[in-house]
Amino acid sequence: MSDVRHVLVLPDRDAAEEAAQALGERFGVREEPRLVRDALAGEDDAEDAQWLVVLRDDEGRLDAADLDAFAAEWDGWREEP
C-alpha cells in the first residue's frame with residue numbers, strides 16, 4: 001500500500017465539514033477525512049483561515065480531475081502534492 005493523500009482547500013469550516021461528509025457519499029471514501037484549520041501567514045483572525053480536508057487514497061482510486069471539480073463546488077481547490 002502507498003501513502004497517497006489528497007488535500008482539498010476550502011474557504012471555511014462549514015464548507016469543509018459539508019465536503020468531508022459528501023466525499024463518502026459521492027466517492028465511497030470509507031476513512032473519515034481529517035479537517036485542519038490553516039491560518040493564512042500573518043493573520044490572527046479566525047475569519048482569515050482556510051480549512052483543509054485531508055483524505056487518504058491508499059488504493060489510488062480517486063481521480064484528481066474529479067476532486068478538482070468536487071472542491072470547486074465549495075469555492076475550493078485541490079492542492080497538488
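Biologist: Which residues of helix α2 are buried?
Modeller: In this predicted model, L67, F70 and A71 are the buried residues of α2, which spans residues 64-72. Buried means under 20% relative accessible area, with a 1.4 Å probe and protein chains only. A helix is a DSSP run of H or I with at least four residues, a strand a run of E with at least two, numbered from the N terminus.

Biologist: Where do they sit on the helix?
Modeller: They line one face, because they fall within an arc of 95° seen down the axis of α2. The arc is that of the directions from the helix axis to the C-beta atoms.

Biologist: What covers them?
Modeller: The cover includes β1 (5-10), α1 (13-27) and β4 (77-79). Contact here means heavy atoms within 4.5 Å.

Biologist: Switching to the sheet: what is the strand order?
Modeller: The order is β2-β3-β1-β4, in an open sheet with antiparallel pairing. Strands pair if DSSP finds at least two bridges between them. The edge strands, β2 (34-39) and β4, each pair on one side only.

Biologist: How many bridges join β2 to β3?
Modeller: Six, and β3 covers residues 49-56. A39 stands opposite A49 in β3.

Biologist: And the whole protein, how much is buried?
Modeller: Buried residues make up 36% of the 81 residues.

How values were computed. Residues are numbered from 1 along each chain as its sequence is written. This is a predicted model: local features need pLDDT of at least 70, side-chain atom pairs count only at pLDDT 80 or more; totals for chains, interfaces and linings use all residues. Side-chain values use heavy atoms; hydrogens and water are left out. Buried means under 20% relative accessible area, exposed over 50%, partly exposed in between (1.4 Å probe, protein chains only).
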